[in-house]
Amino acid sequence: MSIEKEMTQKHSTVVFGLGKTGLSCARFLAARGVEFCVADTREHPAGKNELKRIFPDVNVFLGEIPREILLNADQILLSPGIAPSNSLLDEARKSGVSIIGDLEMFVQHCDKPIIAITGSNAKTTVTSLLGYLAAQCGKKMSVAGNIGTPMLDVLDDESEAYILELSSFQLDLSENLQALAATVLNISEDHLDRYASMNDYISSKQRIYRHAKNAVFNRADKNTEPSADFCLNRISFGLDEPVSFADFGLLRNDGGKEYIARGEVLLLPVDSLMLKGRHNLENVMAALALGE
């Protein structure tokens, strides 16, 4: 079957965007017997040859995509690199086609707790650190998402929980994330070629707190603090003293030695950390708060 084969029947799901995420979506759907096709506006996207090798009978549409491909679908599984404001997607949305991303698909099939991490900077560091801490505690927790391993590739029955690094693009396509713990580590100007304003970008990041049971936020960055509507329990971190018994910060003992602390409880001396730099003190506190 030609990779440019014209569609002659309706496809229930269209994987829109071929690359690492698109391939993971294709593997996930195929393993569950879901009929699908793949579309990409690029003529030679990354993953094209791999897809053809693994799924030689799947219809693939490259370059100029016939609008009927999207309008006749029941669902479009959109890769995060493609803006949801694409005109074809707008038309499909108005026609009643469901448009979701891999995060929403993951949430629909996941019955274990999710720890969700985003931020303009340091999210990979905190995600990796939390995964390391979990492993040292003997926990079977899978680490995936924007960190490199597609989340759909790690969805299984053996994991006790999932630690997901999430981009704003992935959060834009999710409505039902219900994280056990969620954090926005920090906010700085980023991806403003994709968002109409800084406020839109902040709102995108804040979506991680929707329905979250616990929110972890940065006291030094007001844009990371969730609104009152988003979650039940809040824990903050910062380079100042903890605000309450539940918050993380810095304290000195009677000898003047600086410690990472929770409330008034000294946890570990700052000079014992292998990670150097004041910014990494924030990263360690964020990981500890999420782990708690």
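Predicted model: local features only at pLDDT ≥ 70, side-chain atom pairs only at ≥ 80, totals over all residues.
**Salt bridges**

The count comes to 13 salt bridges.

| Pair | N to O distance | Relative accessible area |
|---|---|---|
| Glu50 and Arg53 | 2.7 Å | Glu50 32%; Arg53 58% |
| Arg210 and Glu175 | 2.8 Å | Arg210 26%; Glu175 42% |
| Glu258 and Arg278 | 3.0 Å | Glu258 18%; Arg278 42% |

Glu50 and Arg53 form a pair within helix 2, 3 residues apart, or about one turn. An α-helix has 3.6 residues a turn, so residues three or four places apart point the same way. Glu50 is partly exposed, whereas Arg53 is exposed.

Glu258 and Arg278 also form a salt bridge. Glu258 sits in strand 13 (residues 258-262) and Arg278 in helix 9 (residues 278-291), so their bridge ties together parts 20 residues apart in sequence. Glu258 counts as buried because its relative accessibility, 18%, is under the 20% cut-off. Arg278 is partly exposed.

Arg210 and Glu175 meet through their side chains. This pair links distant parts of the chain, 35 residues apart. Arg210 is in the loop between helix 8 (198-206) and strand 10, and Glu175 is in the loop between helix 7 (168-172) and strand 9 (181-184). Both Arg210 and Glu175 are partly exposed. Arg207 joins Glu175 and Arg210 in a network of salt bridges.

**The second largest cavity**

The whole structure holds 2 cavities of 30 Å³ or more. By class, the lining has 2 nonpolar, 2 polar and 3 charged residues.

Asp221 lies in the loop between strand 10 (212-218) and strand 11 (231-237). Which side chain of opposite charge is nearest to Asp221? Lys222 is, at 9.3 Å. Asp221 is buried and has no salt bridge. A polar atom of the Asp221 side chain does lie 2.8 Å from the backbone nitrogen of Ile187.

Asn86 caps the N-terminal end of helix 4 (residues 87-94). One of its side-chain oxygens lies 2.8 Å from the backbone nitrogen of Leu88. Gly96 follows helix 4, with a positive phi near 95°.

Lys52 is in helix 2 (residues 48-54). Lys52 is partly exposed, at 44% relative accessible area. The C-alpha atoms of Lys52 and Gly138 are 40 Å apart, and 86 residues separate the two along the chain.

Terms used
Residues numbered from 1 in each chain as written. Heavy atoms only, no water. 1 Å grid on protein atoms, 1.4 Å probe; cavity = no way out; pocket = protein on both sides within 12 Å on 5 of 7 lines; lining within 4 Å. Points joined across faces, edges and corners; volume = space filled by probe spheres on them. Nonpolar A, V, L, I, M, F, W, Y, C, P; charged D, E, K, R; others polar. Polar contact = N/O pair within 3.5 Å; in protein donor to acceptor, adjacent residues only side chain to side chain. Helix = DSSP H or I, 4+ residues; strand = E, 2+ residues; numbered from the N terminus. Buried < 20%, exposed > 50% of the residue type's maximum accessible area, 1.4 Å probe, protein only. Lys, Arg positive; Asp, Glu negative; His and termini not counted. Salt bridge = Lys/Arg side-chain N within 4 Å of Asp/Glu carboxyl O.
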